[in-house]
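Please consult the sequence and the structure while reading.

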Amino acid sequence: MPTEKEMINNLIDKYTDLQRIKCSADSEKEVDYQLTVTKAKLESFGIITENLDIK
């Protein structure tokens, strides 16, 4: 179970990511970039991301 500090850090990261999307000149490109980074992080923990995509 994550600690309170880890949960706060995760929420700050999420807030920052949403702000980056909102302020981006090309929001689709920013979303694609963030998805790529997040998938890489998940896969580094052994989580298969293929079935997580919404189609």
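In this predicted model, D53 has a relative accessible area of 37% and is partly exposed, because that value falls between the limits of 20% and 50%. The side chain of D53 forms a salt bridge with the side chain of K39, at 3.2 Å from N to O. This pair links distant parts of the chain, since K39 belongs to helix α2 and D53 to the segment after α2, 14 residues apart.

**Salt bridges**

- The model contains two salt bridges in total.
- K39, the partner of D53, is also partly exposed, with a relative accessible area of 29%.
- The side chains of E30 and R20 form a salt bridge with an N to O distance of 2.9 Å.
- Because E30 is located in helix α2 (residues 27-44) and R20 in helix α1 (residues 4-23), this pair ties together parts that are 10 residues apart in sequence.
- E30 has a relative accessibility of 11% and therefore counts as buried, the cut-off being under 20%.
- R20, by contrast, counts as partly exposed, at 41% relative accessibility.

**The largest pocket**

- The volume of the largest pocket is about 640 Å³.
- Its lining consists of 17 residues, and D13, K14, D17, Q34 and T38 are the ones nearest the centre.
- Helices α1 and α2 each contribute at least two lining residues, and α2 provides the largest share, with nine residues.
- Sorted by class, the lining comprises eight nonpolar, six charged and three polar residues.

How values were computed. Residues are numbered from 1 along each chain as its sequence is written. This is a predicted model: local features need pLDDT of at least 70, side-chain atom pairs count only at pLDDT 80 or more; totals for chains, interfaces and linings use all residues. Side-chain values use heavy atoms; hydrogens and water are left out. A salt bridge is a side-chain nitrogen of Lys or Arg within 4 Å of a carboxyl oxygen of Asp or Glu. Helices (H or I, at least four residues) and strands (E, at least two) are DSSP runs, numbered from the N terminus. Buried means under 20% relative accessible area, exposed over 50%, partly exposed in between (1.4 Å probe, protein chains only). On a 1 Å grid over the protein atoms alone, a cavity is a set of points where a 1.4 Å probe fits but cannot get out, and a pocket is an open set with protein on both sides within 12 Å along at least five of seven lines; lining residues have an atom within 4 Å of a point. Grid points are joined across faces, edges and corners, and a volume is the space filled by probe spheres set on the points. Ala, Val, Leu, Ile, Met, Phe, Trp, Tyr, Cys and Pro count as nonpolar, Asp, Glu, Lys and Arg as charged, and the others, Gly among them, as polar.
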